[in-house]
Amino acid sequence: MAIIEARGITKTYLDGDIETPVLKGVSFSINPGEFLAIMGPSGSGKSTLLHILGFLDRHTSGAYFFDGASADSYSEDELANIRNTRIGFVFQSFNLLPRASVLENVRLPLLYSDVPEADWDGRARAAIEAVGLTHRTDYEASRLSGGEKQRAAIARALVNHPDIIFADEPTGNLDSASGKAVMEILENLNREHGHTVILITHETDTAAHAERIIHVRDGMIERDEIVTDRLTAETFTK
Amino acid sequence: MRITYTARTALRGLRSNMTRSLLTVLGIVIGITAIILIVSIGQGTERLIIGEIQGMGANTIIIRPGKEPTGPTDAADMLFADSLKTGDVEALRRKENVPDIVTIAPAVMVSGNVSYGGETYRPTIFGWDAEFMGKMMNITPREGEYFDELDIRSKASVAVIGSKVEDELFGNDSAVGKTIRIKNHAFRVVAVLPSHGQSTLFNVDEVVVIPYTTAQTYLLGINYFNEVMLQIEDAEDADAAVVDIERTLRERHNITDPEKDDFWVVTQEGIIDQIATILSVLTLFLSSVVAISLVVGGIGVMNIMLVSVTERTREIGLRKALGARNRDILLQFLTEAVLLTGAGGVVGITLGILFSILAGTIITQVLGRPWGFEFPYSAALLGLGVSAAVGLVFGIYPARKASKKSPIEALRYE
């Protein structure tokens, strides 16, 4: 069964009396374990789509089913719980707490979870190890390089063992080497650990890591393709 | 969210803007300091005054002429009331009327100068019973001896003077045996009092005491008293004695309705109750003025919390994106506000206590009276409670505002 099913989702922003339609009815479904890229030029509505799918924003009309249940049926607290336990977010601008250490940043989602406090550090350290940042565990986030920051952010997204990882232009602020490393990690999470990864990008290279690409333009789905010549981590390292 | 982490997060938030946090909390600190100081000084004053009153002895009862004063005009009436006369004192002296009385000493006030040679001084002059005064206030003469019952009955022209009166009139010489003049009437000084300073009722150093009979006959030409003081055997019998006194005087004055009494009886307990009431009203009044400053301080806290919420909009968005519920955010900012004002409260209590001790030291120096400092537990608890409450009340609006932010709008905030 699809973990995500969108049926005719629209989003219209209201600024006073001026309506700005951003999404004009998009429908698709995503199965567990998929690695999906959403591509499109800026202003195409791809970020808005990701925010709606990740419960950071609400759609205007249409229906969104998450794990079989309509998003409209969830209360505020239930949405917070889904964001906390089922979803991990990776942002283009990292969004780390600059004065806090890597460990504290990665631990942050656990504060809002049911995980017993005794397990917090262990879980956070495991997530930090999974992204290869063990040597930076006690560094202040502001002292990390861009690539390290994004890896810390991925560790934070992982710490509650989510079903889906949403990544909003994760390589957008990184040099190509760091970007490559980040993509390797995401791909590894998808392949080795079965996380569903939904990625936004406007770089064809980055999108090529995915198994499937949805092209968005002017608030509509232009094309939904299965990637045949997939750029995998192995091909990169060769 | 676990409370230790909430507190730590809040502390981090406050520390990142140390100067601002300190300035914000200053209003709370000043308010709480003032409350502690006021309450502590109020309590100290009460202890001091009550101590002084207790100095006159719980077995002392005062009868005053006229109606019990309820306002300033009544107090003036009292001075001219002539309802207490020698016959009343004689009646009270009789055992069958008031069995508890040990001694009774009527008093009159004389206004005028006292002179010796070329020197003149204006003391407080009482026609009284010097022995009674000495016993009541526990003072023995520095030099000479008090005049006695015989002097009173024979209307002797003798005087007991305070130390300052002696200094003013005689310089370094001894006054005992010398003759001073009061209203052109010659009095022989029989005793000089030791330096004692202000008592509850008058300044002992500036007093001249002569027999009340002498004052009535030769200086004033009156047959009534301004005050009658008496002592009873046991302080526990004070209430019974008051009943006996009232009955005796009403009988003599033909009064049936207690509302029409032309005298009133004061006991030590009564005075203490009155003073305690006055002081607590005063303390309450001052405290409510300070409470206004706490409200102002609270508004400052609210203002800064609002700024903080705006500045940290992205952090709020992030926390929500990571799964923080509205109440987690609410709790975080509320904790911050309460920690801020609570810390201000603790600092305020500490400062308040320090200032109270300082004030106590100064008062001791100025008044020459021991000033007992007692830790004002009730005020400290109140201060802590009030400061935390200010944080809660003025933190709730900014915290609610923070918690209601939509995650994506908060994250996008620049």
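This is a predicted model: local features need pLDDT of at least 70, side-chain atom pairs count only at pLDDT 80 or more; totals for chains, interfaces and linings use all residues.
Residues are numbered from 1 along each chain as its sequence is written, chains are lettered from A in the order in which they are written, and side-chain values use heavy atoms, with hydrogens and water left out.

To begin with confidence, the predictor gives the complex an ipTM of 0.90 and a pTM of 0.70. Chain B has a mean pLDDT of 85, with 95% of its residues at 70 or more; pLDDT is the predictor's confidence in each residue, on a scale from 0 to 100. Within chain B, the lowest mean pLDDT of any element, 62, belongs to helix α3 (residues 72-80), while strand β7 (residues 158-161) has the highest, 94.

As for the make-up of the chains, chain A has eight helices and 10 strands, and chain B has 14 helices and 12 strands. Of the 238 residues in chain A, 53% are buried; in chain B the figure is 49% of 414 residues. Here, buried means under 20% relative accessible area, exposed means over 50%, and partly exposed is in between (1.4 Å probe, protein chains only). Contacts (heavy atoms within 4.5 Å) also say something about how each chain is put together. Among contacts in chain A with a separation of 6 or more, 70% are between residues 24 or more positions apart. For chain B, 78% of the contacts between residues at least 6 apart in sequence join residues at least 24 apart.

Next comes the interface. Here 29 residues of chain A are in contact with 25 residues of chain B. The area buried between the two is about 2400 Å², and carbon and sulfur atoms give 55% of it; buried area is the accessible area (1.4 Å probe) that two parts lose on being put together, summed over both. On the chain A side, A:Leu56, A:Leu111 and A:Tyr112 supply 27% of the area that chain A buries against chain B, more than any other three residues.

The rule finds one salt bridge across this interface, a salt bridge being a side-chain nitrogen of Lys or Arg within 4 Å of a carboxyl oxygen of Asp or Glu. The partners are A:Asp77 and B:Arg327, with their closest N and O atoms 2.9 Å apart. Helices α2 (76-85) and α3 (102-111) of chain A each supply at least two residues of the side that touches chain B, and α3(A) gives the largest share, six residues.

A:Glu34 counts as buried because its relative accessible area is 13%. A polar atom of the A:Glu34 side chain lies 2.7 Å from the backbone nitrogen of A:Asn31. Leaving out residues up to four places away in sequence, A:Glu34 touches several others, including A:Ser29, A:His195 and A:Arg212.

Over all chains, the whole structure holds 26 salt bridges. In one of them, A:Glu148 pairs with A:Arg136 at 2.8 Å between the closest N and O atoms. A:Glu148 lies in helix α5 (residues 146-158) and A:Arg136 in the loop between α4 (120-130) and α5, so the pair ties together parts that are 12 residues apart in sequence. A:Glu148 is buried, at 11% relative accessible area.

In chain B, B:Lys164 and B:Glu206 meet in a salt bridge (3.5 Å, N to O). B:Lys164 is partly exposed at 33% relative accessibility, and B:Glu206 is partly exposed at 25%. B:Asp261 forms a salt bridge with B:Arg250, their closest N and O atoms being 2.8 Å apart, and both residues are buried. Finally, a network of salt bridges links B:Arg312, B:Glu315, B:Arg319 and B:Glu336.

Conventions
Helices (H or I, at least four residues) and strands (E, at least two) are DSSP runs, numbered from the N terminus. A polar contact is a pair of N or O atoms within 3.5 Å; within protein, one must be able to donate a hydrogen and the other to accept it, and residues adjacent in sequence count only if both atoms are side-chain atoms.
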